[in-house]
Amino acid sequence: MKKLMLAALLTLIAILALQSTPLHAQGTSPEIDDDVRTVAKKLNCPTCSGRNLADCPTETCLQWKGEIRAQLDSGKSTNEVVTYFQDRFGAGVLQEPPKAGSTLLLWLVPIGAAFILISSGMLVAQRLSKNKAATVTQPTAPAADDFTAQIEAQIKDAL
Amino acid sequence: MKSRIGPFIIAGVAITALISLGFVAMNLVGQKGNRPTVGSQAPDFQLELYKDYRADLPETAQLSALQGKIVVINFWGSWCPECHVEAEALQRVYEKFRGRDVVFLGVDYLDTETEAYRYLTRYAITYANGIDVQQKISTLYRITAAPETFIVGRDGRVSAVIIGGTTEEALSQQLESVLAQ
């Protein structure tokens with residue numbers, strides 16, 4: 001049983017590890033002003049998995065930050081600039097995926113998984129405490145099956 | 001007692017693992033998969049062309065509407081160094097084959113409009129070019145990096161796939177070969 005549980009846990013860890021993708025670009029991003037940073041923090045680098053646009057020094061991200069600056073200079077609000085990037089490149093560029101449609105799963109799966117684990121943990125704890133109490137309070141019960149078998153054997157003999 | 005709590009732990013871990021596995025599978029199917037291969041039907045798409053880069057095509061070019069012609073689909077981005085290297089060669093090949101029922105479609109990938117226009121002007125590109133809105137075309141063709149070039153034959157099937165940059169000579173040879181089919 002222990003081996004089975006260990007295997008199940010290792011499988012879970014392996015699956016979760018599969019979801020983390022290594023970064024392809026390293027280094028530090030050149031200085032950007034606060035307004036550009038505010039928008040860039042809400043966006044992902046389109047070429048490095050999981051990296052924030054604000055911190056990414058790749059050529060693509062430098063261009064995107066330049067575009068953010070240009071759009072802010074033209075009078076667009078930070079939300080309008082974010083919407084522009086979402087419309088042009090898709091919801092995948094958003095640091096926080098929208099809580100709707102297919103991306104809703106991204107929010108629901110971790111919550112669901114946490115709920116299941118916590119519920120299982122609570123159930124186990126409850127079972128453990130019940131069993132403990134039962135062990136303390138219940139007198140040693142006779143082996144019911146053995147007793148029944150004895151009676152049945154005696155009846156058979158008597159007949 | 002161990003046997004009583006064991007199943008609950010296993011069930012909890014198993015359910016969590018199944019959910020995570022489903023999530024990972026969804027991710028893999030949605031983002032990776034296989035790119036169209038030689039002989040397979042080229043996925044149809046619509047490309048919103050940049051102003052001044054329509055080359056006699058409508059504002060929105062559709063691949064299926066070009067059936068009967070040979071189509072060169074080139075995925076590029078102004079941020080990609082290798083795209084800069086092949087840009088002039090592509091334009092020369094376009095000029096060489098344009099009168100022979102060969103259409104070029106440049107699909108601008110992950111680019112800003114300002115930088116895209118700068119790139120197109122810099123290399124004096126005249127063939128049709130447009131933006132890959134919401135990465136729909138690059139997703140269809142499973143693009144993971146630029147440049148990538150697909151040659152689609154008259155029957156709408158993929159005739160060649162070029163991963164990475166190409167040269168005037170190599171692309172010309174491939175087009176001659178497709179034209180001869």
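How many helices and strands does chain B have? Chain B has five helices and seven strands. The model is predicted.

## Confidence and overall make-up

The predicted model scores ipTM 0.72 and pTM 0.68. Chain B averages a pLDDT of 90, and 87% of its residues score at least 70. Where pLDDT is low, the predicted coordinates should not be read in detail.

Chain A holds six helices and zero strands. From its N terminus on, the elements of chain A run α-α-α-α-α-α. Chain B follows the pattern α-β-β-β-α-β-α-β-α-β-β-α along the sequence.

Chain A has 159 residues, and buried residues make up 19% of them. Chain B has 181 residues, of which 36% count as buried.

Contacts with a separation of 6 or more can be split by sequence distance. In chain A, residues 24 or more positions apart account for 54% of these contacts. In chain B, residues 24 or more positions apart account for 75%.

## The sheet of chain B

In what order do the seven strands of the open sheet lie? The order is 2-1-5-4-3-6-7, and the pairing is mixed. Strand 2 (60-62) and strand 7 (158-163) of chain B are the edge strands, each pairing on one side only. Neighbouring strands of this sheet are turned by 30° against each other on average, direction ignored.

Strand 4 of chain B spans residues 102-108. Six of its seven residues are buried. Strand 4 pairs with strand 3 (residues 70-76) of chain B in the parallel sense, over seven bridges. Ile70(B) has Val102(B) of strand 4 as its bridge partner. Val71(B) has Val103(B), also of strand 4.

Strand 4 of chain B also pairs with strand 5 (residues 128-131) of chain B, again in the parallel sense, over four bridges. Here the bridge partner of Leu105(B) is Ala128(B) in strand 5.

Strand 3, helix 2 (residues 81-97) and strand 4 of chain B make a right-handed β-α-β unit. Strand 4, helix 3 (residues 113-122) and strand 5 of chain B make another right-handed β-α-β unit.

Strand 6 of chain B covers residues 148-152, and five of its five residues are buried. Both faces are covered. Glu148(B), Phe150(B) and Val152(B) are buried on one side, and Thr149(B) and Ile151(B) on the other.

Strand 6 runs antiparallel to strand 3 of chain B, joined by five bridges. In this pairing, Val72(B) stands opposite Ile151(B) of strand 6. Five bridges also join strand 6 to strand 7 of chain B, and these two strands run antiparallel as well. Phe150(B) stands opposite Val161(B) of strand 7. The hairpin of strand 6 and strand 7 of chain B has five residues between the strands. In that hairpin, Gly156(B) takes a positive phi near 85°.

## Helix 3 of chain B

Which residues of helix 3 of chain B are buried? They are Glu115(B), Ala116(B), Tyr119(B) and Leu120(B). These residues cover an arc of only 135° around the axis, so they lie on the same side of helix 3 of chain B. An α-helix has 3.6 residues a turn, so residues three or four places apart point the same way. On the other side of helix 3 of chain B, Glu113(B), Thr121(B) and Arg122(B) are exposed.

The buried residues of helix 3 of chain B pack against strand 4 and strand 5 of chain B, together with helix 3 (59-73) of chain A. Just after helix 3 of chain B, Ala124(B) takes a positive phi of about 50°.

## Leu120(B)

Why does Leu120(B) count as buried? Leu120(B) has 22 other C-beta atoms within 10 Å, and the cut-off for a buried residue is 20 or more. Leu120(B) sits in helix 3 of chain B.

Leaving aside neighbours within four places in sequence, Leu120(B) is in contact with Tyr53(B), Ile125(B) and Asn129(B). Leu120(B) and Ala87(B) are 33 residues apart in sequence, yet 8.8 Å apart in space, C-alpha to C-alpha.

Technical notes:
Residues numbered from 1 in each chain as written. Chains lettered and ligands numbered in written order. Predicted model: local features only at pLDDT ≥ 70, side-chain atom pairs only at ≥ 80, totals over all residues. Buried ≥ 20, exposed ≤ 12 C-beta atoms within 10 Å, placed from the backbone. Contact = placed C-beta atoms within 7 Å. pLDDT = per-residue confidence, 0-100. Pairing = 2+ DSSP bridges. Right-handed = clockwise from strand over helix to strand, strands pointing away. Axes fitted to C-alpha atoms, helices over the stretch in contact; angles between N-to-C directions. Arc of directions from axis to C-beta.
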